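Reader: I would like to learn how to read some local features of a model. Please take them one at a time.

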Amino acid sequence: MSEHEFKAYNKKSLNKIKYLDRIDPEIKKDIEICTNIIPFRVSSYVIDELIDWDKVPDDPIFQMTFPQPGMIGTEKFNKLKFLYLNGQNEDFNTEVRNIHFAMNPHPAGQKDMNIPVMDNRTLPGMQHKYDETVLFFPSQGQLCHSFCTYCFRWAQFIGLQDLKFSSREKESLYRYITINPLITDLLFTGGDPMVMKASVIEKYVEPFIQQKPDHLQNIRFGTKALAYWPYRFFDDKDSDELMRLFEKIVDKGYHLAVMAHFSHYRELETPAVEKAVKRLRSVGAQIRCQAPLIKNINDKSIVWEKMWKDQVKLGAVPYYFFVERDTGPKNYFEVPLVKALEIFTNAYRNVSGLARTVRGPSMSAGPGKILLEDINEINGEKVFVLKFVQSRIKEFVNKVFFAKYNENASWIDDLEPAFGEKEFFYEKRYSELRNNKINILKNCVK
Ligand code: SF4
């Protein structure tokens, strides 16, 4: 018998969140309008146990889950508010649609470069950007226990089917992996695959347990359930069934990786998350932790330092410190790269070697994952030292390159090559890929 029944609020039930009665009604109305642009869903756990309501609206977990006008931009928001308050529904809906499409719904070539092809057809609920790893978006997992306002997958949640990755094709997934011997990792992602019942997850995993492809080593689940609903792992009706499934995965010889998304140390402080982490570790799962750097939420070194220390204390592994991607409300959340490096470095210097498994600041860009390693002066020129840690093009991995120092830049696209070069070393090959869709052909199995 579970003690904690999952409950979430969305834009229709926003008014039922009793804590919101404490805040200025005008701010509440603005939040209501913003939920038409930024997907909104928040669990009772986040409301009752994570948000410090005495510190709203500055509280980082509130910022992380409640959409606000600044995320849309003053001009756009004011127009939206005018249409909303004047009941101009048709124009309001058109404006909502326009804002959505202006927010770069599928960054880094996700739609045109990552979708694999098999038997002369695309596999729409999958992405295969790097040789080793296939991402699968199970249809039933395209939701989260709560939504993050900064989510780079926000397009999954706005109800437009053509913007959505999702699939129920477990046979295609299995076949695609079995015939691609370079694939070592299968990542179930979303949304959040942990919103699915254990029995549904099992349907997707079962073929891989029945017959393990030799080359497939790692099964990963990308999830924020540890932060948004830790009871998922020990107190939901099917938590035990889920743990038994995880044990089966491990017994079959896979490395089971829970790719946990923690954005702030507060998410690691409740008894529930501690219990959930212990439970996951007891069945052999390895927990790796990652999050983007987000202004107004975690843009201080001390937040990361404490978070990485707390993760290690619980037995989890700090993994990635990402730079906010070029999508959604990026302008509201972005932190300049110079500042990102400073925050990362100050936190990194204050943790022991066990936490220095973390990599960052990392940009998940079109050609690959690019780290800002350092700021340096070479031959009298101040430069950013950058490095690929992952790429569509294998030869790029671990390559260092240089960009002109730019204190306002917040993404790779804002940078220019150093030393008078006309373009970065990767640009020619990458644009050939983009123009010819070579990546798709490479993955194509006839
Ligand atoms: S949990 Fe992940 S997928 Fe879900 S809203 Fe947050 S960032 Fe997006």
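Reader: Is N398 buried or exposed, and how many other C-beta atoms lie within 10 Å?

Author: A note on the source comes before the count: this is a predicted model. The general idea is to count the C-beta atoms around a residue's own, with 12 or fewer giving the class exposed. N398 has 11 other C-beta atoms within 10 Å, so N398 is exposed. The residue is found in the loop between β14 (381-391) and β15 (400-404).

Reader: What is the phi of N398?

Author: Phi of N398 is positive, about 75°, although N398 is not a glycine. N120 is another case, with phi near 65° in a residue other than glycine. N120 lies in the loop between β3 and β4 (121-122). With 8 other C-beta atoms within 10 Å, N120 is exposed.

Reader: How many other C-beta atoms lie within 10 Å of I61, and is I61 buried or exposed?

Author: At the other end of the scale, 20 or more neighbours make a residue buried. I61 has 24 other C-beta atoms within 10 Å, so I61 is buried. I61 is found in helix α3 (residues 60-65).

Reader: Which residues is I61 in contact with, leaving aside neighbours within four places in sequence?

Author: The contacts of I61 are V46, L50, I51, H264 and R266. For a separation in sequence and space, take I61 and K11: they are 50 residues apart in sequence, and their C-alpha atoms are 18 Å apart.

Reader: Which are the buried residues of helix α7?

Author: The general idea begins with the helix itself. An α-helix has 3.6 residues a turn, so residues three or four places apart point the same way. In helix α7 (residues 170-178), the buried residues are L173, Y176 and I177. They cover an arc of only 95° around the axis, and therefore lie on the same side of α7.

Reader: What do the buried residues of α7 pack against?

Author: They pack against four strands, namely β3 (117-118), β5 (126-130), β6 (133-136) and β7 (185-188).

Reader: Now helix pairs. At what angle do the axes of α8 and α10 cross?

Author: The crossing angle sorts a pair into a class, and an angle under 35 degrees counts as roughly parallel. The axes of helix α8 (residues 198-210) and helix α10 (residues 239-251) cross at roughly 10° and come within 10 Å. The two helices are therefore roughly parallel to each other. Their crossing is left-handed. The contact is made by A198, I201, E202, V205 and I209 from α8, with E241, L242, L245, K248 and I249 from α10. By class, these residues are seven nonpolar, no polar and three charged.

Reader: What is the crossing angle of α4 and α5?

Author: Helix α4 (residues 74-85) and helix α5 (residues 89-102) have axes that cross at roughly 155° and come within 9 Å. An angle over 145 degrees counts as roughly antiparallel, and α4 and α5 are therefore in this class. α4 passes α5 in a left-handed crossing. On the α4 side, K76, K79, L80, L83 and Y84 meet D91, F92, E95 and I99 of α5. The contact has five nonpolar, no polar and four charged residues.

Reader: At what angle do α12 and α14 pack?

Author: Helix α12 (residues 301-314) and helix α14 (residues 337-349) pack at about 40°, with their axes 8 Å apart. That angle makes α12 oblique to α14. The crossing of this pair is right-handed. S301, W304, E305 and W308 of α12 make the contact with I343, N346 and A347 of α14. The classes here are four nonpolar, two polar and one charged.

Reader: Last, the peptide bonds. What is omega for the cis bond from V56 to P57?

Author: For the cis bond from V56 to P57, omega is near 10°. P57 has its place in the loop between α2 (44-50) and α3. The bond from G360 to P361 is also cis, with omega near -15°. P361 is in strand β12 (residues 359-364).

Terms used: Residues are numbered from 1 along each chain as its sequence is written. This is a predicted model: local features need pLDDT of at least 70, side-chain atom pairs count only at pLDDT 80 or more; totals for chains, interfaces and linings use all residues. Axes are lines fitted to C-alpha atoms, for helices over the stretch in contact, and angles run from 0 to 180 degrees between N-to-C directions. Angles under 35 degrees count as roughly parallel, over 145 as roughly antiparallel, 65 to 115 as roughly perpendicular and the rest as oblique. A crossing is left-handed if the near helix is turned anticlockwise from the far one by less than a right angle, and right-handed if clockwise. Two residues are in contact if their C-beta atoms, placed from the backbone, lie within 7 Å. Ala, Val, Leu, Ile, Met, Phe, Trp, Tyr, Cys and Pro count as nonpolar, Asp, Glu, Lys and Arg as charged, and the others, Gly among them, as polar. The arc is that of the directions from the helix axis to the C-beta atoms.
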